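User: Hi! Could you walk me through this model? I'd like to start with the overall layout and then pick out some residues.

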Amino acid sequence: MKIEKQSFEKHPSKLLNDLYKESNHQGARPDLAKFIFVGRDPNWAFNIETQDMFGKVLEYLSDGVRFWEKYKIHHPFLLPNYKGDGKRYHKIFSKLKIDSEWAHLISFVELIGFPTTGMAKSSNKKFMEYLMSDENKSHLIRLDQILNNPDKIIFIAWGLIEDFKCLNKKTGLFLNFSQLDKNKMVITDLNIVNNIFIHRHFSDAISNTTLEKMKSQFDIYLNKTI
């Protein structure tokens, strides 16, 4: 029997949405973290509430730093009994081999500040609707303030450049990101513009060489602070 892919939409879980209203990042608080990884939307399996590991999800969203320190994995998608999208992203991220000791330095944020399900690229119209919605407005303003901090080390996937350009055109936010020029970059490499690092998405064909260059940014910072 053919399994239909879940359409892209706001996640129906009231509990998940309530958690995001309290705190719509993953990992460390982005205002306190040093390294920020920016994504398009916080994608969760449609049936996440019925999965055996949902209790771990609640634990993670309540305190992502403590979760990493306790279980020695940075995200519940890495648990063997998780089924759904997002697993590959976090499996590739784990190749950076960052110790749980540094969990407080790393935050994951997304352009959409409420949980979604399904793949955003399957419905760009709906993605833009959510992105520009009144519900998402305050999240974008706060995110712009955080990402404008030059002391942060910010990683964005290649495809987000166009999203930032669109956001700046419509809202005036994210000026620095809207000025990134892909014509001066190499998609297969780690591109550096001031404190912004542009790379292939972790779920895409990101190379081990790029991952090694990303890891070196952690090593440089940690060697300075130890």
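**The sheet and its surroundings**

Analyst: Happy to! Six strands make up an open sheet of mixed pairing, ordered β2-β4-β3-β6-β8-β7. Strands here are DSSP E runs of at least two residues and helices are H or I runs of at least four, numbered from the N terminus; two strands pair if DSSP finds at least two bridges between them. This is a predicted model, in which local features need pLDDT of at least 70 and side-chain atom pairs count only at pLDDT 80 or more, while totals for chains, interfaces and linings use all residues. Residues are numbered from 1 along each chain as its sequence is written, and side-chain values use heavy atoms, with hydrogens and water left out.

User: Which strands stand at the edges?

Analyst: Those are β2 (26-27) and β7 (191-193). Each has a single partner strand, so one side of each has no neighbour in the sheet.

User: And what does β3 pair with?

Analyst: β3 runs parallel to β4, with five bridges joining them, and also parallel to β6, with four bridges. F35 has I106 of β4 as its bridge partner, while F37 is partnered by F155 in β6. Further along, β6 and β8 (residues 196-199) are parallel too, joined by four bridges, and I156 is paired with I198 there.

User: Is β3 buried or exposed?

Analyst: Five of its five residues are buried, so β3 is largely enclosed by the rest of the structure. Buried means under 20% relative accessible area, exposed means over 50%, and partly exposed is in between (1.4 Å probe, protein chains only). In a regular strand, side chains alternate between the two faces of the sheet. In β3 both faces are covered, with F35, F37 and G39 buried on one side and I36 and V38 on the other.

User: How many residues does the largest nonpolar core have?

Analyst: It has 41 residues, and those with the most contacts inside it are F37, W44, F93, L96, I106, F202 and M214. A nonpolar core is a set of buried Ala, Val, Leu, Ile, Met, Phe, Trp, Tyr and Cys residues joined through side-chain atoms within 4.5 Å. The elements giving two or more residues to this core include β3 (35-39), α4 (87-93) and α9 (208-225). Apart from it lies another core of 31 residues, among them A157, W158, I161 and I196.

User: Switching topic: where is H90, and what does it touch?

Analyst: H90 sits in helix α4 and is buried, at 7% relative accessible area. Not counting residues up to four places away in sequence, H90 touches H74, H75, F77, L78 and F108, where contact means heavy atoms within 4.5 Å. The side chains of H90 and H74 are joined by a polar contact of 2.8 Å. That term means a pair of N or O atoms within 3.5 Å; within protein, one must be able to donate a hydrogen and the other to accept it, and residues adjacent in sequence count only if both atoms are side-chain atoms.

User: Nice. Which residues other than glycine have a positive phi?

Analyst: K72 is one, with phi near 60 degrees, and N194 is another, at about 60 degrees. Most residues other than glycine have a negative phi. K72 is in the loop between α3 and α4 and is exposed at 58%. N194 lies in the loop between β7 and β8 and is exposed at 71%.
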